[in-house]
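Hi,

Here is the structure I promised to pass on. Have a look at it first, and then read my notes below.

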Amino acid sequence: MNATFVIIGGGIAGVTCAETLAFYQPDKKIILVSESSLIKTVTNLLALTQTITTFNVEEAPINTLSSKYENISVIHGKLRKISDEDKTILINSDIKITYEYLCICIGALPKLIPQAKDNPYILGIRDTDSVEQFISKLSSSKRVMIVGNGGIASELVYKIQNTDIDWVIKDNHISATFVDPGAGEFFQSSLHKNFNASEPILNKRMRYNEDSSSKSGAALGPDWYKHFQIKGACELPPQVKIHYQTEVTDVKINNVATSMFPVEVSLTNGEKINCDLVISATGVEPNIDFEISSSKLELSPVNEIIVNEFMQTSVPNIYAAGDVCHANWEHAKHWFPMKLWTQARQMGCYAAKCMSGALNKEEILQDFCFEIFTHTTRLFGYKVILLGLYNGQKLGNDYEILFRMTKEHEYLKLILQNGRLQGAVLIGDTDLEEMCENLILNQLDLSPYKEDLLDPNIDVEDYFD
Ligand SMILES: Cc1cc2nc3c(=O)[nH]c(=O)nc-3n(C[C@H](O)[C@H](O)[C@H](O)COP(=O)(O)OP(=O)(O)OC[C@H]3O[C@@H](n4cnc5c(N)ncnc54)[C@H](O)[C@@H]3O)c2cc1C
Ligand SMILES: NC(=O)C1=CN([C@@H]2O[C@H](COP(=O)(O)OP(=O)(O)OC[C@H]3O[C@@H](n4cnc5c(N)ncnc54)[C@H](OP(=O)(O)O)[C@@H]3O)[C@@H](O)[C@H]2O)C=CC1
């Protein structure tokens with residue numbers, strides 16, 4: 001078997017890469033290989049600004065791609081070996097494919113706390129299989145522990161119903177991966193409200209079942225919780241206890257004959273918590289479990305595949321995109337990498353353009369999306385938009401903050417350096433994203449308007465039309 005382009009991975013990076021290649025190279029053969037029998041696609045893509053988009057994530061059987069694009073074939077299988085000298089790969093134990101260009105988009109896996117080894121009561125969440133396992137265990141749980149302070153933990157603490165939660169975080173404020181202590185405090189009031197009870201949990205989307213042979217599915221992505229009933233076994237709404245500046249030191253399995261709960265977790269603050277389940281929402285690590293004949297594939301210290309500004313790895317004709325890779329180029333001032341859906345999609349699309357350009361011997365300019373960091377999500381029931389250096393990243397202490405907050409309504413923070421906007425946190429329906437994005441990109445001197453920028457009585461957008 002052979003193809004001009006071979007892409008490994010049915011997550012958003014791999015699928016976007018294949019679809020973009022089908023557009024740029026409609027006459028060339030493309031093969032997408034995925035270990036999971038379901039792939040992730042984006043629908044209802046809506047541009048809010050030049051660089052911020054909203055969209056729905058859909059799951060579809062892997063062969064959807066080949067029925068949509070004549071030049072894409074799909075193979076359900078696992079990459080075992082790359083022989084880069086003769087440009088071949090081995091899928092499972094018997095399928096050999098020759099490629100001209102290869103793009104590795106195999107994602108990442110949850111990086112669990114070390115105590116998770118051989119402990120069935122400690123779980124991570126990544127794909128449909130893992131979430132189903134979690135939901136099944138949660139349904140009989142009265143007390144659970146969530147470890148971690150990033151995206152998954154913040155979503156779970158807000159979404160879990162009918163079970164008490166101990167939330168163990170290393171920081172002194174909640175949701176520290178995304179926001180500062182002020183915004184953490186702003187979110188805090190949502191924690192103890194039982195929003196969920198009034199929110200219908202509907203599964204409107206068609207769901208497909210993975211076949212039993214597929215194990216490592218693609219990451220669930222935005223809004224995954226809308227499709228599941230995340231409910232424990234208590235009658236009452238959840239009580240959330242936050243353990244600040246704390247980590248797990250030990251997890252002991254209890255004797256079920258004498259204890260109400262199956263595990264006892266020891267914390268660095270000296271407390272011992274008995275609970276039914278521990279969810280380790282402690283980040284991700286790359287998923288590299290194939291052999292490569294060349295020793296040239298450069299990896300970062302945490303095993304990500306290093307790519308340059310054209311998404312090329314250190315091995316000729318091999319590219320990588322998405323959670324598996326490390327963007328090793330000089331980043332634009334207002335952009336930085338983060339393992340997010342949007343960036344996986346942007347990288348997949350850009351890797352396709354780069355491979356197509358390499359085949360056609362065309363010069364490729366780096367995509368505009370790498371000029372400014374943008375992330376749009378929902379946390380604790382609020383719309384959250386993060387732009388540029390929203391937490392003062394890269395700026396040291398040399399910046400000032402303009403700030404406006406209306407409790408339970410909105411939280412706005414603008415980061416300025418030398419009078420110019422460097423980043424913004426927009427929580428709630430602020431409608432300021434387009435203005436902020438423009439001001440970060442054009443670096444207009446805002447010194448004359450500073451007092452008015454966040455004055456709620458002034459329509460600042462008029463200023464900059
Ligand atoms: C619960 C959860 C919620 C999230 N929510 C958000 C959010 O709200 N916003 C946001 O921006 N990001 C979110 N993310 C992160 C986002 O989903 C990921 O950054 C993104 O999906 C990564 O895409 P990917 O294609 O690089 O990798 P993956 O989605 O991990 O896809 C990798 C693919 O490669 C396949 N594969 C792996 N190994 C092999 C192999 N050896 N051979 C063949 N195929 C292989 C897998 O089966 C899979 O299909 C969330 C992640 C999780 C887990
Ligand atoms: N709404 C969104 O945008 C969402 C995005 N995601 C994405 O999905 C991926 C997985 O999410 P998630 O697992 O939440 O990862 P994140 O990277 O978002 O957060 C991991 C958190 O765990 C902490 N942590 C790491 N190791 C330990 C440890 N041993 N003990 C205690 N805490 C620890 C980290 O702290 P520190 O940083 O200090 O090490 C950090 O607070 C991420 O790429 C995330 O961005 C997921 C859900 C929602």
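Leu48 is partly exposed, because 15 other C-beta atoms lie within 10 Å (buried means 20 or more other C-beta atoms within 10 Å of a residue's own, exposed 12 or fewer, partly exposed in between, with C-beta atoms placed from the backbone). Leu48 sits in the loop between β3 (38-47) and β4 (53-61); helices (H or I, at least four residues) and strands (E, at least two) are DSSP runs, numbered from the N terminus. Leaving aside residues up to four places away in sequence, Leu48 touches Thr53, Thr54 and Glu433, where contact means C-beta atoms, placed from the backbone, within 7 Å. Between the C-alpha atoms of Leu48 and Asn255 there are 54 Å, and the two are 207 residues apart along the chain.

Before going on: this is a predicted model, in which local features need pLDDT of at least 70 and side-chain atom pairs count only at pLDDT 80 or more, while totals for chains, interfaces and linings use all residues. Residues are numbered from 1 along each chain as its sequence is written, and chains are lettered from A and ligands numbered from 1 in the order in which they are written.

Now the domains. The assignment gives domain 1 (2-109 + 285-370), domain 2 (112-282) and domain 3 (381-463); such bounds come from an automatic or database domain assignment. The centres of domain 1 and domain 3, taken over C-alpha atoms, are 34 Å apart. Seven residues of domain 1 are in contact with nine of domain 3. On the domain 1 side of that contact there are three nonpolar, four polar and no charged residues (Ala, Val, Leu, Ile, Met, Phe, Trp, Tyr, Cys and Pro count as nonpolar, Asp, Glu, Lys and Arg as charged, and the others, Gly among them, as polar).

On to the ligands. Ligand 1 is surrounded by 40 residues, the closest being Gly9, Gly11, Gly107, Gly322 and Trp341; a residue is near a molecule if its C-beta atom, placed from the backbone, lies within 6 Å of it. This shell has 19 nonpolar, 15 polar and six charged residues. At least two residues of it come from each of α1 (12-24), β2 (30-34), α4 (151-159) and α7 (341-360). Ligand 1 lies between domain 1 and domain 2, because both give residues to its shell.

Around ligand 2 there are 20 residues, with Gly148, Asn149, Gly150, Gly151 and Lys339 the closest. Eight of the shell residues are nonpolar, eight polar and four charged. The most comes from α4, with four residues.

Helix α5 (residues 181-191) has Ala183, Gly184, Phe186 and Phe187 as its buried residues. Down the axis of α5 these fall within an arc of 160°, so they line one face of the helix; the arc is that of the directions from the helix axis to the C-beta atoms. They pack against β23 (374-379), β25 (400-406), β26 (410-417) and β27 (420-427).

Most residues other than glycine have a negative phi. Ser175, however, has a positive phi near 55°. Ser175 lies in the loop between β12 (164-168) and α5 and counts as buried, with 26 C-beta neighbours inside 10 Å. Lys394 also has a positive phi, near 70°. Lys394 is found in the loop between β24 (382-388) and β25, and its 15 C-beta neighbours inside 10 Å make it partly exposed.

Cheers

Notes. Two residues are in contact if their C-beta atoms, placed from the backbone, lie within 7 Å.
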